[in-house]
Amino acid sequence: MATETVHPPTGRASVFRRVGDWAYRCRWTALVLWVVVLVGASVAAQAVGDDYRNDFSLPGTESQRALDTLRQRAPVSSGETIQIVLRDQDGLGDGVTRSRVESMLAQVGRLPHVVAVQGPYGGSGVSADGTVGYATVTLDGASADVPADDVRAVMAAATGAAGDGLRVEVGGAPVRAVQEGGGGAAEGTGLLAALVIMVLLFGSLVAASLPVVIAVFAVGTALGLIALASHLATIADFTAPLMMLVGLGVGIDYALLIFSRYRSELVRGVPRRQAAGIAQETAGRTVLFAGCTVIVALLGLVVLGLGSLRGVAVAVALTVLVTMLASLTLLPALLSLTGRRIERSVRARQARGGRPEGTWWRRWAAWVQRRPWPNAVVPVVALLALSAPALEMNLGFADAGNDPAATPSRRAYDLLAEGFGPGFNGPLVVVVEGPAAGAAAARDAIAATAGVAEAAAPSTVGPDVSTIVVLPESKPQDEATMDLVHRLRDDVLPPLARDTGARFLLGGGTAATVDFAGAVAARMPLFVLVVVGLSALLLMVVFRSLLIPLKAALLNLLSVAVALGVTTLVFQRGALGVQPGPVEAYVPVMVFAIAFGLSMDYEVFLLARMREVWRADGDASVAVREGIATTGRVVTAAGAVMVVVFAAFMLSPTRMLQQFGLGLAVAIVVDALVIRCLILPAVMQLLGRRAWWLPRLLDRFLPAGAPEHRPARPAG
């Protein structure tokens, strides 16, 4: 096919070209402005620090009502706790050992933020064989409210008593919080791998470094802004690494799409400034639409009504917004500064000869078009099979039993399970408001319930308020424990409330996990409907088509389903040697929001090129073939970059980030390689001209899409 004839733009330039042209002409001004923003946000964040804190409240759920009752009626009992676990093969009742333990507990009781210490002696704190015991240290607030140094002081005081046959381990949520690390080498590894891929793609270190620079500017600015915002709103403590995960991938991806179009125009002999303008008007428009789609998907998390996710969603959406702005304003300035060197590199590669760019991809597209049915059906069936494990996904939160075997929390967890049974690490707490007789009757009924290993005697914690600690027979994450929660709530406690007049609320960490998973599952369909509906509407406005948005929504949902299926297979079923456990309750909704939005990047980039050819040539088959030929290389490279950035986060010591990294990496692999390079061209070939059809009545009601760069009709 003959190359298209490029004409200078006529009439009023689009806002994309005007903004890009300003940044290209005033390159130093644009660069200095971005440096000022980055440095200002970073310095301000360093000066005031951050105030990240988690909000796991679930208003309206029974576990939240139980916690609120304790906070109002017995505030001391609502604080976070640390378990000091003791083991001595000769028995903990020995006089010398007991003296050392009691001396250590007295020291712990004098430490800051410690309001109570319940020792192992005189109660049920020692195992039946007398070798394992535990003490409970109650703090004056949640984990996020107690400084990490004060938690470490408790740990140091406790473990200082170890020796001479006495083993001391420390566990609990505060301990897990201080022992968790950040992203480790994940960010650096991802950036380095991305840089290598782009050097191989463009053959120039200068060209390859531009997308990385954009990503660093965008992520650095967003991190500073969110650190400042954490003083004004509740933002979870895992937000910053998640912002880096998304920001690095999206930043490189968006800049790569624009730069690739700029480079392809240089290959065709277009002058540098005009090439930058065309890139802004075409790929820049794609980046704006794709970025808006990601932002819409993230803000759709507000529909879930989960306070713990709202701050995360807004923070990550801000990261995408800053990344998008950097790609549209900072990148043209950098192209102006480095354009001459990039052009020399392009000309040098052309001088070395070889096949024209896109030759291999054009042949690939032609092969797919000759066999559209098998190339559409076979991969869809395979992807559905990979998605199947997601149907059995068990949502929850990893506990100390999922921590590495060498961590203090895991060692304490294992000792408690050994001495007191597997259910000890996930106790249920029944809050009783009413007379003591009602609490006693409840204790007897609960103890007789199937699945209960032990129900402790009621403990009075406030006026007419008592608690009953229930130990299940199964581990906290077992399905049997979840069934026990429902059995107590539905079958055991309601009749007791009617008979005794007392109010019973079942709470505790395990019950809260059940409530959270139920809330996510109940609200997920509405969330998916909102995100998919708005994205499809945006696609319909831009491409003036009825079938393309429908196809895009289904294929993007398929890539997300595969990501969740593989995540379930690896982390829940323990494939690849991973410690089995639940899929973190946050992961499915966040992976859906991010992956669905990112899938639109390649969808819009590819369809925009197809539409350019379709509008110029009018041949649907040619549009599919040339769209793949001109975008296949960059889509594959952009996908590879995002995969290595996301997959690098599997190096993180945090299980949640590992799941995010794997889920997003799998979604991008499926989307960039299988869907965009195989299923999409096959489906577009089957649809033919119908792909670009829109009913006239609907066309009149839809708002007009933004004007776009329209190439001249190919000659010959």
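Reply: **Rings and their surroundings**

The charged end of Arg98 lies over the ring of Tyr121, at 4.2 Å from the ring centre. A charge counts as sitting over a ring if NZ of Lys or CZ of Arg is within 6 Å of the ring centre and within 35 degrees of the ring normal. This is a predicted model, in which local features need pLDDT of at least 70 and side-chain atom pairs count only at pLDDT 80 or more, while totals for chains, interfaces and linings use all residues. Residues are numbered from 1 along each chain as its sequence is written, and side-chain values use heavy atoms, with hydrogens and water left out.

Next come the rings that pair with each other. Rings of Phe, Tyr and Trp (its six-membered ring) pair if their centres lie within 6.5 Å; planes under 30 degrees apart count as stacked, over 60 as edge-to-face and the rest as tilted. This rule gives 14 aromatic pairs. One of them is Tyr134 with Phe420, which is edge-to-face because the planes stand at 85°, with the ring centres 5.3 Å apart. This pair links distant parts of the chain, 286 residues apart: Tyr134 belongs to strand S3 (residues 132-139) and Phe420 to helix H14 (residues 408-420). Helices (H or I, at least four residues) and strands (E, at least two) are DSSP runs, numbered from the N terminus. Tyr134 has a relative accessibility of 16%, so it counts as buried. Buried means under 20% relative accessible area, exposed over 50%, and partly exposed in between (1.4 Å probe, protein chains only).

Phe259 and Tyr262 make a tilted pair, with 6.1 Å from centre to centre and 40° between the planes. Both are in helix H9 (residues 239-267), three residues apart, which is about one turn of the helix. Phe259 is buried, at 0% relative accessibility; Tyr262 is also buried, at 0%. Elsewhere, Phe238, Phe397, Phe516 and Tyr586 form one aromatic cluster.

S10 (residues 503-507) has four of its five residues buried, so the strand is largely enclosed by the rest of the structure. S10 runs antiparallel to strand S6 (residues 428-433), and five bridges join the two. Two strands pair if DSSP finds at least two bridges between them. As a general point, side chains in a regular strand alternate between the two faces of the sheet.
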